[in-house]
Amino acid sequence: MEKFAPVAALLLLLLCFPVAFSGHDYGQALSKSLLFFEAQRSGVLPRNQRVTWRSHSGLTDGKSSGVNLVGGYYDAGDNVKFGLPMAFTVTMMAWSVIEYGNQLQANGELGNSIDAIKWGTDYFIKAHPEPNVLYGEVGDGNTDHYCWQRPEEMTTDRKAYRIDPSNPGSDLAGETAAAMAAASIVFRRSNPVYSRLLLTHAYQLFDFADKYRGKYDSSITVAQKYYRSVSGYNDELLWAAAWLYQASNNQFYLDYLGRNGDAMGGTGWSMTEFGWDVKYAGVQTLVAKFLMQGKAGRHAPVFRKYQEKADSFMCSLLGKSSRNIQKTPGGLIFRQRWNNMQFVTSASFLTTVYSDYLTSSRSNLRCAAGNVAPSQLLSFAKSQVDYILGDNPRATSYMVGYGNNFPQRVHHRGSSIVSVKVDRTFVTCRGGYATWFSRKGSDPNLLTGAIVGGPDAYDNFADRRDNYEQTEPATYNNAPLLGVLARLSSGHSGYSQFLPVVPAPVVRRPMPIRRPKVTTPVRASGPVAIVQKITSSWVSKGRTYYRYSTTVINKSSRPLKSLNLSIKNLYGPIWGLSRSGNSFGLPSWMHSLPSGKSLEFVYIHSTTPANVAVSSYTLA
């Protein structure tokens, strides 16, 4: 009889909670979910800030490292800014806007959604000051978790941690590239200059991630205890390539997906999860869309294998696969004890968009148990969202502030301590635990819209502040819900979404140079000036190549001798200089560069300009 217990539990649920299944206000839930991102803001809050119990925080972030890292998001209930989950959050918010922008606009939330994305991308621009440098964390989880303080007055270490060629992080750089590329699509019409800037950063970050390969938590070791990259970085490289193709229509990135699908696991892994660490199911969903759009070309056989894995993921959610995803007796996806809800919202988003992709291409889902109508995927997403909003054995809403029965004691520093605007009494590091963390009462500040970690495998939930596995919220829990809630608010029957249109092919330079013949100053060192310009470009096998002309000018009154140049990020041939190891100097036939004269050299590669700088020189 035990094997019939889940069925019996569901029947009992239907009998005991008939009112709960009468429907939800998805538009209201959408509006509330966006407020949570405002509660998570770090930096100088804007005048239109709607979560008024928050104030400015983290105003010296990055200062000790000589870089401005003010802004961005705190990831969850602590005061650390973790780059990998933050980037995934922005990617998923952007994907929601790309697919369901019209529905967001109909709900009056498109502007707030775009503002939430920009709060993240503005920070990523600051965190990426050089092509091959990316700051991936501000604050230390160990130090931060020792204290319980408001973000506005935290006394914990705010050290900034970065990746670079000597300390690579392909997963972090790849996910940030995906976020920038996806966001560039969001801003393409409303702010084209900003859109191009984001795409430039995305190009550079992808090149950085692909050229200097390594796991980011081997470089930023303080992240290992909190956001370890278990899946490695191959999924992020494919994920970034997929988003760069969607953002630029550059054939190189489509070819990258075709060439590397097998070797990097995109066509081999049948996934049962999707989230900030494991991106394969998201890659497979996007590549399946490219295939349905007729964009695969010669890569169609490989892309069909991607789609088979996407189908496998969807079928496992529906219980129609040979390897089905575990669910609670109440029907909720269950992956792990700590913050299980992150997997619920991410999977719900993928089933929602995949349902619309299949409907648009007039296709069915192919499962081991037979073909499945796309509408079943959308119905499954709805069932998960309805569970979150209260249709569950406990009749508990796991979105704070939605419904009549939601968590009151959230594991969150800001919401659990009285607002600094109400009581400016300083909360000490350990005093916060004694006074506020240990309180049995409800939070003094309502963390509206936050999706908490959720129930256990048996639908049980304990609303206690120290129960961080179940009561701590996270930005990456909420981000995928934006699109799902917008979609459900527009109705869930007879809906057919046309596939998003990829822009017509263009020769798009992966760099911020609009007019090739305009000379652009690069760097000056004393009497030596260096300028670079593009003199020509061409496309070969789907990839754009550029010929750079670089001029070295002697601005002094004396001849220049013994010139040594450092040239970094050079990926092609170079002519016009002599080379010794990693150093470049005057050509062998030129003993000195006379006063007021210039020397020209050229190089060719398929990315942004090389970094040319003067290492040393002497004057005659």
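Glu472 lies in the loop between helix 18 and helix 19. This placement comes from a predicted model. Is Glu472 buried or exposed? Glu472 is buried, because its relative accessible area is 11% and buried means under 20%. Its contacts reach into several stretches of the chain. Leaving aside residues up to four places away in sequence, Glu472 touches Ala76, Gly77, Asp78, Trp338, Asn339, His411, Ile451, Val452, Gly453 and Asn467.

UniProt lists Asp78, His411, Asp463 and Glu472 for "active site". That label comes from the record, and such annotations may be inferred rather than shown by experiment. In the model, Glu472 touches both Asp78 and His411.

Now take Asp463. Where is Asp463 placed? Its place is in the loop between helix 17 and helix 18. Asp463 counts as buried because its relative accessible area is 19%, and the cut-off is under 20%. Which residues does Asp463 touch, not counting those up to four places away in sequence? They are Phe406, Pro407, Gln408, Arg409 and Thr471.

Asn445 is buried, with a relative accessible area of 7%. Its side chain has a polar atom 2.7 Å from the backbone oxygen of Ile417. Ile417 is one of the residues Asn445 touches; Trp53, Gly414, Ser415, Val418 and Ser419 are the others, not counting residues up to four places away in sequence.

Next comes the sheet. Strands of a sheet pair through backbone hydrogen bonds, either parallel or antiparallel. Here three strands form an open sheet in the order 1-2-3, with antiparallel pairing. Strand 1 and strand 3 stand at the edges, each with a single partner strand, so one side of each has no neighbour in the sheet. Helix 6 packs on the sheet and touches strand 2 and strand 3. The direction of helix 6 makes about 100° with that of strand 2.

How many bridges join strand 1 to strand 2? There are two, and these strands run antiparallel. Lys81 stands opposite Val138 in strand 2, and Phe82 stands opposite Glu137 in strand 2. On to strand 3. Four bridges join strand 2 to strand 3, again antiparallel. There, Val138 stands opposite Ala160 in strand 3. Strand 2 covers residues 134-138 and is mostly covered: five of its five residues are buried.

Side chains of opposite charge can pair when their charged atoms come close. Asp61, Lys81 and Arg158 are linked in a network of salt bridges. The count for the model comes to 23 salt bridges. Three more pairs show how such bridges link separate parts of the chain.

Start with Glu38 and Arg50. Their closest N and O atoms are 2.9 Å apart in a salt bridge. Glu38 is in helix 2, and Arg50 is in the loop between helix 2 and strand 1, 12 residues apart. Are the two partners buried or exposed? Glu38 is buried, with a relative accessible area of 6%. Arg50 is partly exposed, with a relative accessible area of 35%.

Helix 6 returns in the second pair. Glu175 and Lys279 meet through their side chains in a salt bridge, 2.6 Å from N to O. Glu175 lies in helix 6 and Lys279 in the loop between helix 11 and helix 12, so the pair ties together parts that are 104 residues apart in sequence. Both Glu175 and Lys279 are buried.

Arg487 and Asp356 form a salt bridge between their side chains, at 2.9 Å from N to O. Arg487 is in helix 19 and Asp356 in helix 14, 131 residues apart.

Key. Residues are numbered from 1 along each chain as its sequence is written. This is a predicted model: local features need pLDDT of at least 70, side-chain atom pairs count only at pLDDT 80 or more; totals for chains, interfaces and linings use all residues. Side-chain values use heavy atoms; hydrogens and water are left out. A salt bridge is a side-chain nitrogen of Lys or Arg within 4 Å of a carboxyl oxygen of Asp or Glu. Buried means under 20% relative accessible area, exposed over 50%, partly exposed in between (1.4 Å probe, protein chains only). Two strands pair if DSSP finds at least two bridges between them. A polar contact is a pair of N or O atoms within 3.5 Å; within protein, one must be able to donate a hydrogen and the other to accept it, and residues adjacent in sequence count only if both atoms are side-chain atoms. Contact means heavy atoms within 4.5 Å. Axes are lines fitted to C-alpha atoms, for helices over the stretch in contact, and angles run from 0 to 180 degrees between N-to-C directions.
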